[in-house]
Amino acid sequence: MEICKLNKKNKCVFAIKLAERATRYIDDSEAVSLISNAIEIALVFVQTENGNGEILYDFLDNESNGFTIFQEMESDERKRNAWDCIIDAIAYVTKEMYLANGEKYFPEPIEMVDDAIFTHMINSLKSCSIEEFSILENIYKSCLNNQKA
């Protein structure tokens, strides 16, 4: 997979689709609801190019129910990997939101986000289940084909 072949919009779509896949491995209903809300905000951004990076970032770093809190409390390795993928995906889209709004300064964890995050995101999802290998390739091809259409 050559992520660099995807444009910004399709990189966001790819990240969102990976987060959706990773959500299958999370069984906490509160967490799944929060992930769904974050994904919905990310999808609206992809469709409209409008969004508030602070709102999406709050899903990652909220002190009471941020995704990083759920991940830190998780003892199951598969679920920790799923959280890694979800956090990476939301962080990537969050940075794109900040950039689309002309923001010059980001929260420190978001400042470090670049295309290299996709390697970690993909490996985290692959670590959840062997079936993700072929599904990842199909998601990538779908995003690449959508950009050509």
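**Helix packing and aromatic pairs**

Colleague: Where is Glu-49 found?

Modeller: The model is a predicted one. In it, the helix H2 covers residues 29-48 and the helix H3 covers residues 53-61. Glu-49 is found in the loop between H2 and H3.

Colleague: Is Glu-49 buried or exposed?

Modeller: The relative accessible area of Glu-49 is 59%. A residue counts as exposed over 50%. Glu-49 is therefore exposed.

Colleague: What value is phi of Glu-49 near?

Modeller: Most residues other than glycine have a negative phi. Glu-49 is a residue other than glycine, yet its phi is positive. The value is near 60 degrees.

Colleague: Are H2 and H3 roughly parallel or roughly antiparallel to each other?

Modeller: The axes of H2 and H3 are 10 Å apart, and the two helices pack at an angle of about 155 degrees. Angles over 145 degrees count as roughly antiparallel. H2 and H3 are therefore roughly antiparallel.

Colleague: Which residues of H3 make the contact with H2?

Modeller: The crossing of H2 and H3 is left-handed. From H2, the contact is made by Leu-34, Asn-37, Ala-38, Ile-41 and Ala-42. From H3, it is made by Ile-55, Leu-56 and Phe-59.

Colleague: How many aromatic pairs does a search of the whole structure find?

Modeller: Two rings pair if their centres lie within 6.5 Å. A search of the whole structure on that basis finds 7.

Colleague: Phe-59 forms an aromatic pair with Phe-67; is that pair stacked, edge-to-face or tilted?

Modeller: The centres of the two rings are 5.9 Å apart, with 40 degrees between the planes. Stacked pairs need planes under 30 degrees apart and edge-to-face pairs over 60, with the rest counted as tilted. At 14% relative accessibility Phe-59 counts as buried, and Phe-67 counts as buried at 0%. The pair is tilted.

Colleague: How many residues apart in sequence are the parts that Phe-70 and Trp-83 tie together?

Modeller: The ring centres of Phe-70 and Trp-83 are 5.4 Å apart and the planes are at 5 degrees, so the pair is stacked. Phe-70 is buried, and so is Trp-83. Phe-70 lies in helix H4 (residues 67-73) and Trp-83 in helix H5 (residues 77-100), so the parts tied together are apart in sequence by 13 residues.

Colleague: Are H1 and H5 roughly parallel or roughly antiparallel to each other?

Modeller: H1 and H5 have axes 8 Å apart and pack at an angle of about 155 degrees. H1 passes H5 in a left-handed crossing. Residues that meet there include Cys-12 and Ile-16 in H1, and Ile-86 and Tyr-92 in H5. The angle is over 145 degrees, so H1 and H5 are roughly antiparallel.

Colleague: And are H1 and H7 roughly parallel or roughly antiparallel?

Modeller: H1 packs with helix H7 (residues 117-128) at an angle of about 25 degrees, with axes 10 Å apart. H1 passes H7 in a left-handed crossing. The contact is made by residues including Phe-14 and Leu-18 of H1, and Phe-118 and Met-121 of H7. Angles under 35 degrees count as roughly parallel, so H1 and H7 are roughly parallel.

Colleague: By how many Å are the C-alpha atoms of Lys-5 and Gln-147 separated?

Modeller: Lys-5 lies in the segment before helix H1, and is partly exposed at 45% relative accessible area. Beyond four places in sequence, Lys-5 touches Tyr-140, Leu-144 and Gln-147. Lys-5 and Gln-147 are 142 residues apart along the chain, and their C-alpha atoms are separated by 9.6 Å.

Technical notes
Residues numbered from 1 in each chain as written. Predicted model: local features only at pLDDT ≥ 70, side-chain atom pairs only at ≥ 80, totals over all residues. Heavy atoms only, no water. Phe/Tyr/Trp six-rings, centres within 6.5 Å; stacked < 30°, edge-to-face > 60°. Buried < 20%, exposed > 50% of the residue type's maximum accessible area, 1.4 Å probe, protein only. Helix = DSSP H or I, 4+ residues; strand = E, 2+ residues; numbered from the N terminus. Axes fitted to C-alpha atoms, helices over the stretch in contact; angles between N-to-C directions. Parallel < 35°, antiparallel > 145°, perpendicular 65-115°, else oblique. Left-handed = near helix turned anticlockwise from the far one by under 90°. Contact = heavy atoms within 4.5 Å.
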